[in-house]
Amino acid sequence: MDIQAHISLADHAAFVGGKFYVNGGGWNNRPPVPVPWSLILEVRVPWHDNNRKMCRLAEPDGRLRRPR
């Protein structure tokens, strides 16, 4: 299985209507003062694997999140 992932920081990101909207993306370092930011994670999988369950998100206390 050939999975590719890309992680980036941005000023703002939203997923609306099946599309990613990213503003100010691609930081290479964070400023020394606190600022709002978004973490963007894009995962690409081969077409024939797109319906396979590959991972699950965990809650902050470590419990696995229930599937929706």
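User: Which residue in β3 is the bridge partner of F15?

Analyst: In this predicted model, strand β2 covers residues 12-16 and strand β3 covers residues 19-23, and the two run antiparallel. F15 has its bridge partner in β3, and that partner is F20.

User: How many bridges join β2 to β3, and which turn residue has a positive phi?

Analyst: The antiparallel strands β2 and β3 are joined by 5 bridges. They form a hairpin with 2 residues between them. The turn residue with a positive phi, about 60°, is G17.

User: Is S8 buried or exposed?

Analyst: S8 is found in strand β1, residues 4-10. The cut-off for a buried residue is under 20% relative accessible area. S8 has 13% relative accessibility, so S8 counts as buried.

User: Which backbone nitrogen lies 3.3 Å from a polar atom of the S8 side chain?

Analyst: Leaving aside neighbours within four places in sequence, S8 is in contact with G25, G26, S38, L39 and I40. A polar atom of the S8 side chain lies 3.3 Å from a backbone nitrogen, that of G26.

User: Where is W37, and what is its relative accessibility?

Analyst: W37 sits in the loop between β3 and β4 (38-44). Leaving aside neighbours within four places in sequence, its contacts are L9, A10, D11, W27 and R30. W37 counts as partly exposed because its relative accessibility is 38%.

User: What accessible area does the nonpolar surface patch have together, and which element gives its largest share?

Analyst: The patch is formed by I3, I7, V33, V35, W37, L39, L41, V43 and M54, with about 810 Å² of accessible area together. One of these residues, V43, lies in strand β4 and counts as partly exposed at 48% relative accessibility. The largest share of the patch, 3 residues, comes from β4.

User: Which side chain meets R44 in a salt bridge?

Analyst: The N to O distance in this salt bridge is 3.0 Å, and the partner of R44 is E42. The side chain asked for is that of E42.

User: How far apart are the closest N and O atoms in the salt bridge of R63 with D61?

Analyst: R63 counts as exposed at 54% relative accessibility, and D61 is exposed with a relative accessible area of 53%. The closest N and O atoms of their salt bridge are apart by 2.8 Å.

User: How far apart in space are W37 and R63, C-alpha to C-alpha?

Analyst: W37 is partly exposed, and R63 is exposed. The two are 26 residues apart in sequence, and their C-alpha to C-alpha distance in space is 26 Å.

How values were computed:
Residues are numbered from 1 along each chain as its sequence is written. This is a predicted model: local features need pLDDT of at least 70, side-chain atom pairs count only at pLDDT 80 or more; totals for chains, interfaces and linings use all residues. Side-chain values use heavy atoms; hydrogens and water are left out. Two strands pair if DSSP finds at least two bridges between them. Helices (H or I, at least four residues) and strands (E, at least two) are DSSP runs, numbered from the N terminus. Buried means under 20% relative accessible area, exposed over 50%, partly exposed in between (1.4 Å probe, protein chains only). A polar contact is a pair of N or O atoms within 3.5 Å; within protein, one must be able to donate a hydrogen and the other to accept it, and residues adjacent in sequence count only if both atoms are side-chain atoms. Contact means heavy atoms within 4.5 Å. Patches are made of residues with over 30% relative accessible area and no salt bridge: like charges are joined within 9 Å, nonpolar side chains (Val, Leu, Ile, Met, Phe, Trp, Tyr) within 5 Å. Accessible areas come from the Shrake-Rupley method with a 1.4 Å probe; for residues, only the protein chains shown count as cover. A salt bridge is a side-chain nitrogen of Lys or Arg within 4 Å of a carboxyl oxygen of Asp or Glu.
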